[in-house]
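Q: I have a structure to look at. How do I read its contacts and its helix packing?

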Amino acid sequence: VYEVADPALAAEGAERIAWAEHAMPVLRRVRALFAAERPLAGLRVGACLHVTAETANLAVTLVAGGAEVHLCASNPLSTRDEVAAALAVEHGVAVHAVHGADATAYRRHIGAVADAGPHLVLDNGCDLAVALHTGRPELAEQVLAGCEDTPTGVLRLRAMAAAGALAFGVVALDHTPTRRIVDHRHGTGQSTVDGILRATNILLAGRCVVVAGFGPVGHGIAERARAMGATVVVTEVDPVRALDAVLDGYRVLPMRDAAALGDVIVTATGNRDVVAAEHLDLLRDGVVLANAGHFDVEIDVRALRAAAQEIRRVRPAAEEIRLPDGRRVVLLAEGRIVNLGAAEGNPPAVMDMAFAEQALTTAWLARHHAELAPGVHAVPGNIGAEVARLELAALGVALDSLTGAQRRYLSAWESPTWEGGG
Ligand code: ADE
């Protein structure tokens, strides 16, 4: 059973999945391993992820490992209908995802995956875990374990765990070095700028780009915007991150000052109301507003729409909102995550490592779930290092290894740490 926009799109989807696969050598290695060892045999995997060509390669890997995969979207705008069709028709994945699904359909799709009674839950934003706990608590009790992709989802899981409501152990995939460095900074940094450019076709050089939040994503966006000739202003609430931005040479200002400067304002905070009603009077005519965070709460879209005199869709992922005083505000992807709403999300070369890590973590969970108490856990053992090693091997990059003397030196505490000492 599946619910996709048009099964006839399967051949086109297969091309996209194959294109992404070329850039995913590590996941290909994991797939070969899974096909040989079948670590997920007999298990139902429920996944709520962006339904992209990259995710399709993860799903096919899980199927190769013996899993029965049920997949719904973690955002209605990121679903590629042709990919959903190929997964359903050619790979036997129970896909419930349609691009642009309204809130009712979106919830129905998540409900269908929850109803399948997954043994393992793969979440991106925690919507599937929440649907299970609130809608099907008896099935939540039967989940063996899960993993979560996003910082936003991890915050929700920690809140559930603190309230004693979380029924199973979840591995947080968002904090690994692979994710922070590769995925958030290089991946989302690039794909957010890509989304803004595809949505608008503006020139960044000479413009002022305000980046709200200087975590790894904000850092990645800021450095790319600057490299393309923009002047970048950063806003922060965290003193250490603000200092990091200052020492990187960015101007750091409160949003009430930055809002008046930005030709483009991008939010990357994971929090709500970062561009809020109080900032609307300050915005420049023609300002572009985009959100890189997981949920569409960072820009107060409701306040913006309420203040509008006229709203027009001016390009596929851009709406022009005219304010009573004549100023125009250009809102991208309805304030939803712009790299997936207006572009294709992170490139496959980035998702390769993230999804290899996720596939290996899923296999680990299949074997070790009993060791995980309900709550949020770190990625086990050396999966991250293993993925980095496989990636470097795929890139043909060789590393040094420690000599015996070096290893002893690092673990010696009683001997001097300088040559001539004693
Ligand atoms: N998250 C960010 N980019 C993605 C992509 N290309 N596929 C799936 N999830 C993503």
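A: Start with a polar contact: a pair of N or O atoms within 3.5 Å; within protein, one must be able to donate a hydrogen and the other to accept it, and residues adjacent in sequence count only if both atoms are side-chain atoms. This is a predicted model, where local features need pLDDT of at least 70, side-chain atom pairs count only at pLDDT 80 or more, and totals for chains, interfaces and linings use all residues. Residues are numbered from 1 along each chain as its sequence is written, and side-chain values use heavy atoms, without hydrogens and water.

Q: Which backbone N or O atom lies 3.4 Å from a nitrogen atom of the ligand?
A: One of Glu344. A polar backbone atom of Asn346 is 2.8 Å from a ligand nitrogen. For Thr52, a side-chain N or O atom is 2.6 Å from a nitrogen of the ligand.

Q: How are two packed helices described?
A: By the angle between their axes and the distance between the axes. Helix 2 (residues 25–37) packs with helix 16 (residues 383–395) at about 115°, with axes 9 Å apart. So helix 2 is roughly perpendicular to helix 16 (65 to 115 degrees).

Q: At what angle do helix 2 and helix 15 pack?
A: At about 25°, with axes 7 Å apart; helix 15 spans residues 348–368. Therefore helix 2 is roughly parallel to helix 15 (under 35 degrees).

Notes
Axes are lines fitted to C-alpha atoms, for helices over the stretch in contact, and angles run from 0 to 180 degrees between N-to-C directions. Helices (H or I, at least four residues) and strands (E, at least two) are DSSP runs, numbered from the N terminus. Angles under 35 degrees count as roughly parallel, over 145 as roughly antiparallel, 65 to 115 as roughly perpendicular and the rest as oblique.
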